[in-house]
Amino acid sequence: RFTDMAINADDYTEGMGGDYALQHKKALIQHARHIEWAFIFNEAPTLGVPNTAITDPADEGNNMGHTMGLDYFLRTYSPADNVREEVDLTQKEFFSWLEPTLEFGGDGKFLFTSPRGLAALHEWLKGQVRFTPSKSKQTLGLNFADIVLPFGSNQMVKLVNHKMLKPRQDPDSNWHYMYMLDFSDDKIKYVYYNGLDTKVLRDQVKTGLHQKVDEVYTRCGTQFRLAECHGRLRFKTFS
């Protein structure tokens, strides 16, 4: 929400353009983080119930729902051996969790881990993990490496350092997360609502005041398949 004067001011942001443009950029970055957070940590999927008392225009808010999060999918549908919790994670416990996650599936295996999980792998594997920072805007904030693991038909797994898997701001905030995910054969994918994906709508609320209210939204979803091909491990410390 900006007044006309704030929108048209040249620069209060040390060379980054008017504050209106800067706030739009910040809102889009935060919006992308919210989408990723929802894809990982949303709970059970929900579908809004239409309000039959409203005939025209229909109330979209009552028809939309929430997509299923990855963590909920794995906790609910993966075999018990694929979903583990260890307060103080050891190398033996890590490999015990890892083995069943690599038994099935294709060659598109990725191990997403918090920075502390990466530190554990560095400690246990003594320099066998080497990272190259990504230069692509499509993978902003993620670093990748290849790691050889002793299970599965294809032992080469892509390792991803993912900062969003650090402890979260909730009562269980001491947990660090690791996910072994199989992206082959569309087992995990982003679901598009064609023509209704991310939108930036400007001046949406016409109040007659000298101000503009803009809106950013996304309609999208997630699809997960074959839970036995994936796994989730969380821990607090490692030794």
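Of the 239 residues in the chain, 37% count as buried; the model is a predicted one. As for secondary structure, the chain has five helices and 13 strands. Contacts reach well along the sequence: taking pairs of residues at least 6 apart, 69% of the contacts join residues at least 24 apart.

Next up is the second largest pocket, which has a volume of about 520 Å³. Its lining is made up of 16 residues, and Gly-65, Thr-67, Thr-218, Arg-219 and Cys-220 sit closest to the centre. Helix α2 (19-41) and strand β12 (220-224) each put at least two residues into this lining, with α2 giving the most, at five residues.

Thr-101 belongs to helix α4, which covers residues 91-101. Its relative accessible area is 0%, so Thr-101 falls under the 20% cut-off and counts as buried. A polar atom of the Thr-101 side chain lies 2.6 Å from the backbone oxygen of Leu-98. Setting aside neighbours within four places in sequence, Thr-101 is in contact with Asn-82, Lys-109 and Met-180, and also with Cys-229, His-230 and Gly-231.

Technical notes. Residues numbered from 1 in each chain as written. Predicted model: local features only at pLDDT ≥ 70, side-chain atom pairs only at ≥ 80, totals over all residues. Heavy atoms only, no water. 1 Å grid on protein atoms, 1.4 Å probe; cavity = no way out; pocket = protein on both sides within 12 Å on 5 of 7 lines; lining within 4 Å. Points joined across faces, edges and corners; volume = space filled by probe spheres on them. Helix = DSSP H or I, 4+ residues; strand = E, 2+ residues; numbered from the N terminus. Buried < 20%, exposed > 50% of the residue type's maximum accessible area, 1.4 Å probe, protein only. Contact = heavy atoms within 4.5 Å. Polar contact = N/O pair within 3.5 Å; in protein donor to acceptor, adjacent residues only side chain to side chain.
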